[in-house]
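Below are my notes on the model, as numbered points. Please read them beside the sequence and the coordinates.

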Amino acid sequence: MQLKSKLFYGIIFGLALAFTASLAGAVAIRDVKPGEDVFDYVSRINGQFDQTLYQQVVGAANSFKEGDEAIGVAADNDATRENARKLLANTKIKDLMAKPLFVDAQYDLITNTTDMAQYNKVRDWTLGELKDFLLTKSEAQIKGIMYGLHSDIIANVVKMMSNEELTRIGQTVFNPLPGSKIGAKGYLSARIQPNSPTDNVDDIVWQVFDAYSYGVGDIVVGTNPVDSEAANIENIELALRDVMQTFGVDKYNPWCVLSHIDVQAEVEKNNPGSTAIWFQSLAGVVDANKTFDLTLEKMMNYASMRNGKYGLYHETGQGADFTNGHAKGFDMVVHESRKYGFARALKQQVAAAQIDGQGAWCHVNDVAGFIGPEVFKTREQLVRCCLEDIAMGKLHGLIIGLDICSTLHMPVTLDDLDWCQDQIAPANPGYLMALPTKNDPMLSYLTTAFQDHVRLREKFGYKVNDDMWNFFKKIEVIDDNGKPTEHFGDPIWVYYQYRLAKGDTRSMKEIYAEGQQKVEEVQARGVPLAIGYGENIWDLEPKTDKQIHDLYNDAKISLWAEFTPEFIASIPNAVTVQTKSADREDYVAHPSTGEEFNEASVATLEKLRASWGGKAPDVQVIISDGLNAKALMDEDHLMPFMEELKDQLAKAGWTLAKENIVVTSGRVRAGYRAGETLFTDPDSTPKAIVHIIGERPGSGHHAYSAYLTRLAPVTWSAEGADHDVTKVISGISNTGLDPRKAARQAVRLLQEM
C-alpha cells in the first residue's frame, strides 16, 4: 500500500415526516405504496425529486454496515431495509441510469465502457426482473446481458439479494484468466503475500518456498513493500523473478511488488523484464483516486502499455472512499462496484493493446475488513461484504479474489476467520491471499494462511491451476495421485529443489544445513514460517499456532495501551494535545474523532505558533499514540529515531522545533491538521511535519510509522494536506526497520519533497 496498498483512510442527513432517522446517520422508510418505485417515493415524500433523499433510499437497501451509517445512508432497521428493497425492485434500469447517484469522469468512463447492445436488452426491465433473471438463468444467458449492466445497476441488484442468492451468482458465473483454470469453476487460486517488515529479500523468497511446500500459490506472488523507492522495488522484483525463472514457472506464475504503479513503470523502464504484472489500488470516484496519486488518464495510458500476457492487478475495498473523505453521499456497495467498473474499463484497454491475440491476465481482489470497525465490525458483516463483492466482480466479467481479513482492532477472532472462510468458499471466489500464518508480519492484520488453502481444498474439493499443480508434483511436495508427500510443509526441501535448478552440485546435507540457517535468520527477524503441520495437514504446527495466538493476545493489549505520564515526561519539551476522541473506545470505534483537535488543543497549537514570532522552524515533530502506544514507549524505539533525526536535520542546515507535540488519540490526519494550524505565517520556505505514530498491533514488532509532509506555508494554510502529498516510512522498530536508519531515510525524503 502506499501509503500502503492495503491502507485506505459524512455528512449525516435527516429529514422530517416519514423520513426521520431514529439513529444518527440512519434512514427510516415507514410506508411504501404498492408498485411504488424509488422515484415515486422520493417525489411523494419530498414533493419533488431530491438527490440527497434519493441517495439515502438507495443506500438504505444495503445490508447494515457501520460505514454506511457514517455516510448517512444506512437503514435504521430491517423494516426500512425491506421497504427500500421493494422500491428498488419496482424501479426500471433506464430510470436509474437517467438519474445517477453521483456523476464524475469515472462514472462517465464506466458508462462509456458498458456494452450498449446488451444494455438495450435490459433497459426496460425493473431491478426485480433483473434479479430474477440472474438467479434463474444459465451462465451463457447471464453473459448475454451482464456486460450491458452499469456498475451502479450491478450494485443495486446485489443489495436486494440474500447471502444464499449471492452465493448462487458466485456458483454460476466464471471468468477464467486466458489460458488457465484460474477463476474457473471448482478452482481456488492463491496470491502469495510474502511481506517483510524490512523488505529483506530472504524473508520474501523464503515465504515463497514455504508456500510452494504446501502446494499454494498460482495467480501471483505479490509483496507489499515498506520502502517504495525505485531501487528497493527493483531489488525485490529481481529477487522474485529469479525464483520464478529458476523454477521455470514465470510463464504462469507472475510476480509483483505492490508499490505505486508509477514506480513499477520506472523500474521496468530502467530494467526491462524486471517486472511482471503491474499493480495499482483503485477507488470508486475521481477524488478518492487522487488520494492514491491516480488519474483516469494515467491508468488508461498504463493499460495501453500492457501488451503482453500479464496485464494489471488491482486491490479495492469497501469503505476506502468514505474513510478518505470522498463518500459523495452514496453507499459503500456502489462505491465498490464502481471500482470494478473502472477495472473492467482498464481490462478492455489492456485487451485492445494485445499483440498476440492470446489475451492478458487482469484481475482484482477485494481487501474486505482491512480498514477496521469504522467500515464494519462483525464476522457476519465480513461475510456479507465478501459475498457482495464476489457477485459484483463476476458480473463485471472480472476475476475477483478476496482478502478475507480483519484488523486487530476489530472484534473478529482467529477462529472467526475460519468460520468466515467456510461461509464464503461455496461462492467460489477466484483466489484468496496466502501467508505462512494468518498474521501478516508487516501489515499487522489477519488473513488467509497457507494451511487455510489446504483445508479449503480438502473440504470443498477445490483445485489449483493445472500448470502450478504439475509443478508441485515436479518438486515432489505432491505425488502423482495428488496427495501430499513426505516433503509437504518443508520449505527447506523446496529450497533444495531451487538450488538443484540453479545447478548447485553440493550434497543434499550441505544445502539443507544452509537452508536451516536461512530459516533461523528469517524467523529471528520476526517473520513466521509455517513448517510441518499438526494433527491434520491443514493444521498449523502446535508451537507455531501458539506463537500466533500469543501475538493476537499481545495485539489486544497493545490496542488499548495509552501513553503513560512517565513516557510523556521523557520526551524533551513535550507539548501535549488531545483530539476530539472522548476516550480510547471512542477513538477505536470512530476514527474521524482522532483526526481533529478539540478546542483547547487548537488554542495550544496557536499559542505555540505565536511563540515562534513569525519564524517557524523548518520541521515540526508530532508524536501520536495511533493504534499502538507501546510501539513508541518500548525501549530503544522512539528516542534513537528522534536523536538521529535531530542530527541529520542539523547537518542538512534545517531548523527543528525544540517543542515536540504529543497527541493523545491521534490519527494520521491529526498531523495534517497540526501543520495547517502551525504554518500560517507568510514565508516562502516550505515547512514540514514528521508525524510519528504507532502502527496497528499484531506483528509483535510494536512498529511505528513516520508520515512526512512538506509544503509551502500558503499551501498548508489555504489548501491543507492529505495522504496524496505525504510519504510514509513504516515498520520502524528495534526488530524491524532500525529507528536510526529510518530517521536518515526521513531526512533524505524531506529533502526531495
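1. The side chains of E380 and R379 meet in a salt bridge, with 3.3 Å from N to O. A salt bridge here is a side-chain nitrogen of Lys or Arg within 4 Å of a carboxyl oxygen of Asp or Glu. E380 is partly exposed at 41% relative accessibility, and R379 is partly exposed at 26%. The classes are buried for under 20% relative accessible area, exposed for over 50%, and partly exposed in between, with a 1.4 Å probe and protein chains only.

2. On provenance: this is a predicted model, in which local features need pLDDT of at least 70 and side-chain atom pairs count only at pLDDT 80 or more, while totals for chains, interfaces and linings use all residues. Residues are numbered from 1 along each chain as its sequence is written, and side-chain values use heavy atoms, with hydrogens and water left out.

3. A second pair is E388 with R384, joined by a salt bridge at 2.9 Å from N to O. Both residues lie in helix α19 (residues 379-395), 4 residues apart, about one turn of the helix. Helices (H or I, at least four residues) and strands (E, at least two) are DSSP runs numbered from the N terminus. An α-helix has 3.6 residues a turn, so residues three or four places apart point the same way. E388 and R384 are both buried.

4. Elsewhere, D287 forms a salt bridge with K328, and the closest N and O atoms are 2.6 Å apart. D287 belongs to helix α15 (residues 286-291) and K328 to the loop between α17 (320-323) and α18 (332-353), so the pair ties together parts 41 residues apart in sequence. D287 is partly exposed, at a relative accessible area of 26%; K328 is partly exposed too, at 28%.

5. The salt-bridge count comes to 42 by this rule. One network, joined through shared partners, contains D418, D422, K438, D452, R455 and K459.

6. Helix α12 (residues 201-213) has 13 residues and spans 18 Å from its first C-alpha to its last, close to the expected 18 Å at 1.5 Å a residue. The expected span is 1.5 Å times one less than the number of residues. Of the 13 residues of α12, 11 are buried, so the helix is largely enclosed by the rest of the structure. Among the buried residues are W206, F209 and Y212. G215, which follows α12, has a positive phi near 70°.

7. An open sheet of 6 strands runs in the order β13-β15-β14-β16-β17-β18, with mixed pairing. Two strands pair if DSSP finds at least two bridges between them. β13 (574-578) and β18 (726-732) are at the edges with a single partner strand each, so one side of each lacks a neighbour in the sheet. The twist averages 20° from one strand to the next. β16 (residues 687-694) and β17 (residues 704-711) pair in the antiparallel sense over 8 bridges, and I689 stands opposite T709 in β17.

8. Two helices lie across this sheet's strands. Helix α28 (residues 599-611) lies across β13, β14 (619-624) and β15 (660-664), at about 150° to β13. Helix α33 (residues 739-752) lies across β16, β17 and β18, at about 170° to β18. Contact means heavy atoms within 4.5 Å; axes are lines fitted to C-alpha atoms, for helices over the stretch in contact, and angles run from 0 to 180 degrees between N-to-C directions.
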